[in-house]
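Subject: Structure handover

Hello,

Please find the structure below. Notes on what was found in it follow.

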Amino acid sequence: MIEFNQHLYGQDVRMVPGDVVRIMTTSPQEISRVTRSKEEARRSYDRMSTWYDFLAGSERRHTHEGLQKLNVRDGETVLEVGFGTGESIVSLAHSVGSSGAVYGIDISSGMFYAAIERVRRAGLQDSVGLILGDGAHLPFKTHIFDAVFMSFTLELFDTPEIQVVLTECRRVLVEGGRIGVVAMSKRGRQGIMVDLYEWAHRTFPQYVDCRPIYVRNALEEGQFHIVDDTAMSMWGLPVEIVVAQT
Ligand SMILES: C[S@@+](CC[C@H](N)C(=O)[O-])C[C@H]1O[C@@H](n2cnc3c(N)ncnc32)[C@H](O)[C@@H]1O
């Protein structure tokens, strides 16, 4: 019997002539663990909140692409997990219009107040609700959101918690609801920049809290159906933008 292996989305796919295709799910390279506590994360983002917009300039293009792909429409109810200074919240609020609503949850009070101020300046306070809290425990009823958005946030959760967050997202989404995730990715060709980044993450976990993850695989593991998967890069670091449905 002739078999051949190929690498597909970080998985070894062993194909056997005839009708058998087995997918071995054990091959993806391990992703680094997140060792800093939630309290440390909260304090760090509080400190960063005043200059975060300047810091995160290079991420904007990817976040914008993620918002485009999620394609939020007039009248929808949307949640953003980890809204930062609220740039996407404002964009989402414009997309849903006055008949829709946007909610956000973030763990950092510095980010929370920065976002409130941004929403207020945009005159969108009537259609936006922001909550200070942990994205792993969403304080919302089941099946109420048409879409959930996360940008450079899922990779901040420790490995076992990624599925906890995605399960919460599934729970609050309506049947057929969409999720859009933009995150640093471990998929595809990993260059020296990824090695350097992961080294920094391991060596200075209190400063470099995020690390590349397998976004598509995580969503599939969370029982989402992939609708769109785009690969981009940022300073040589792969970024995945994945839209999926419940
Ligand atoms: C890298 S920033 C990204 C912010 C925003 N999404 C953007 O793209 O500009 C990550 C955000 O996630 C928030 N965050 C970190 N851990 C969180 C948690 N456990 N629950 C909710 N938000 C969290 C941080 O406070 C921060 O605002």
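What covers the buried residues of helix 4? The cover includes helix 3 (60-70), strand 4 (77-81), strand 5, helix 5 (109-121), strand 6 (128-132) and strand 7 (145-151). Helices (H or I, at least four residues) and strands (E, at least two) are DSSP runs, numbered from the N terminus.

This is a predicted model, in which local features need pLDDT of at least 70, side-chain atom pairs count only at pLDDT 80 or more, and totals for chains, interfaces and linings use all residues. Residues are numbered from 1 along each chain as its sequence is written.

Helix 4 spans residues 87-96, and its buried residues are Glu-87, Ser-88, Ile-89, Leu-92, Ala-93 and Val-96 (buried: 20 or more other C-beta atoms within 10 Å of the residue's own, C-beta atoms being placed from the backbone). After helix 4 comes Gly-97, with a positive phi near 70°.

Beyond its neighbours within four places in sequence, Leu-219 is in contact (C-beta atoms, placed from the backbone, within 7 Å) with Leu-166, Ile-179, Val-181, Phe-224, Ile-226, Val-242 and Ala-244.

The ligand is surrounded by 23 residues, with Tyr-45, Gly-82, Gly-84, Ser-108 and Gly-135 the closest (C-beta atom, placed from the backbone, within 6 Å). Helix 1 (38-48) and strand 5 (101-106) each give two or more residues to this shell, and the largest share, three residues, comes from helix 1.

Regards

Key
Two residues are in contact if their C-beta atoms, placed from the backbone, lie within 7 Å. A residue is buried if 20 or more other C-beta atoms lie within 10 Å of its own, exposed if 12 or fewer, and partly exposed in between; C-beta atoms are placed from the backbone.
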